[in-house]
Amino acid sequence: MSKPMRFLFGLLLLLAFGCTSAPVAPAPTGGPATTPLPGPGQPGIEYLALGDSYTIGEGAAAEDRWGVQLSRQAQAQGLNLLTPDIIARTGWTTAELQQAIRAANVQKTYGLVSLLIGVNNQYRGLPLAAYRTEFRQLLQTAVTFAGGRSGRVIVLSIPDWGRSPFARGRDQDKISGEIDQFNAVAKEECQQAGVAYVDITPLTRSAAGDMSQFTNDGLHYSGKQMALWAQQALPTVHNLLK
């Protein structure tokens, strides 16, 4: 075959079977790259998770964090929710989460923002009134991260650590009662702000007596329990993102 003919033949093959390449998704901080690439016409929905030890999944693997499981469950149902960016640390109260958010100086918005905070306020015996004020401010911050859309923010209730192995020997009924008070404040503030509220507290109470639902410290929850939180939140997330 002549040189001009070989060139023409190669050009025709390129036009007919041209190669395409998708961008490679970067690995999220603190965990493996588990997010699939967006499909055609389905751009990835960026997700920010705010909270404390329950958001980072203290004692559990990074892939077992409830927000990471939420993204996987959503993807399995055709909703391309990306693995979350996370601002959370064990021990944080509402005030400490506020400080950390300011220090992070995040300059982007997200398609979904979740918030799970308050157990350390209760644990330290901090005033309920202060929690209300700071939680309200965090809701406003979450809405800002969501591009001003309150309908893209979801709040999970505080788990009841009073039913955990760690709480044996303590006044478990008192702990549970206080958790209920903090959750009542959070639910009321969510209703006023037009933010979705998902009650996972009964799930955490049902874990009592089942060590497979707790990490080794007996206080935090295993991936098995956190998978239930994700399942509980998923229908609400679908409604928010539809």
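Trainee: Let's start in the sheet. Which residue of S3 does Ala 49 stand opposite?

Mentor: Ala 49 stands opposite Ser 114 in S3. Keep in mind that this is a predicted model.

Trainee: Noted. And what is the bridge partner of Leu 50 in S3?

Mentor: That's Leu 115. Both pairs sit where strand S1, residues 47-51, runs alongside strand S3, residues 112-116. S1 and S3 pair in the parallel sense, over five bridges.

Trainee: What about S3 and S4, how many bridges there?

Mentor: Three bridges, and S3 and S4 are again paired in the parallel sense. In that pairing, Val 113 has Val 153 of S4 as its bridge partner.

Trainee: Remind me, what do strands of a sheet pair through?

Mentor: Backbone hydrogen bonds, with the strands either parallel or antiparallel.

Trainee: OK, zoom out. What's the strand order of the sheet?

Mentor: S2-S1-S3-S4-S5, an open sheet of five strands with parallel pairing. The edges are strand S2 (85-88) and strand S5 (196-198), each pairing on one side only. On average, neighbouring strands are turned by 20° against each other, ignoring direction.

Trainee: Is S3 enclosed or open to the outside, and why?

Mentor: Five of the five residues of S3 are buried, so the strand is largely enclosed by the rest of the structure. Both faces are covered: Leu 112, Ser 114 and Leu 116 are buried on one side, Val 113 and Leu 115 on the other.

Trainee: And which strands does H6 touch?

Mentor: Helix H6, residues 128-145, packs on the sheet and touches S1, S3 and strand S4 (153-156). The direction of H6 makes about 160° with that of S3.

Trainee: What about H6 and H7, what angle do they pack at?

Mentor: About 35°, with the axes 10 Å apart; helix H7 is residues 172-193. H6 passes H7 in a right-handed crossing. Among the H6 residues in that contact are Leu 128, Arg 132 and Leu 139, and H7 brings in residues including Phe 182, Val 185 and Cys 190. Tyr 131 and Phe 135 of H6 take part in the contact with H7, and they also turn up in the contact with H4.

Trainee: Switching topic. Where does Asn 105 lie?

Mentor: In the loop between H4 and S3. Asn 105 has a positive phi, about 50°, although it is not a glycine.

Trainee: Buried or exposed?

Mentor: Exposed: the relative accessible area of Asn 105 is 51%, and the cut-off is over 50%.

Trainee: And what about Thr 204, buried or exposed?

Mentor: Thr 204 counts as buried, at 0% relative accessibility. You'll find Thr 204 in helix H8, residues 201-206. Apart from its neighbours within four places in sequence, Thr 204 is in contact with Pro 159, Asp 160, Tyr 221, Gln 225 and Trp 229.

Trainee: Which helix does Trp 229 make contact from when H3 and H9 pack?

Mentor: Trp 229 belongs to the H9 side, together with residues including Met 226, Leu 234 and Val 237. H3 contributes Trp 66, Gln 69, Leu 70, Gln 73 and Ala 74. Helix H3 (residues 66-76) and helix H9 (residues 223-241) pack at about 55°, axes 8 Å apart. That angle makes H3 oblique to H9, and the crossing is right-handed.

Trainee: Last thing, the overall numbers. How many helices and strands are there?

Mentor: Nine helices and five strands, in the pattern α-β-α-α-β-α-β-α-α-β-α-β-α-α along the sequence. Of the 242 residues, 45% count as buried.

Trainee: And what share of the contacts comes from residues 24 or more positions apart?

Mentor: They account for 75% of the contacts with a separation of 6 or more. The accessible surface comes to about 12000 Å², and 55% of that belongs to carbon and sulfur atoms.

Methods. Residues are numbered from 1 along each chain as its sequence is written. This is a predicted model: local features need pLDDT of at least 70, side-chain atom pairs count only at pLDDT 80 or more; totals for chains, interfaces and linings use all residues. Side-chain values use heavy atoms; hydrogens and water are left out. Two strands pair if DSSP finds at least two bridges between them. Helices (H or I, at least four residues) and strands (E, at least two) are DSSP runs, numbered from the N terminus. Axes are lines fitted to C-alpha atoms, for helices over the stretch in contact, and angles run from 0 to 180 degrees between N-to-C directions. Contact means heavy atoms within 4.5 Å. Buried means under 20% relative accessible area, exposed over 50%, partly exposed in between (1.4 Å probe, protein chains only). Accessible areas come from the Shrake-Rupley method with a 1.4 Å probe; for residues, only the protein chains shown count as cover. Angles under 35 degrees count as roughly parallel, over 145 as roughly antiparallel, 65 to 115 as roughly perpendicular and the rest as oblique. A crossing is left-handed if the near helix is turned anticlockwise from the far one by less than a right angle, and right-handed if clockwise.
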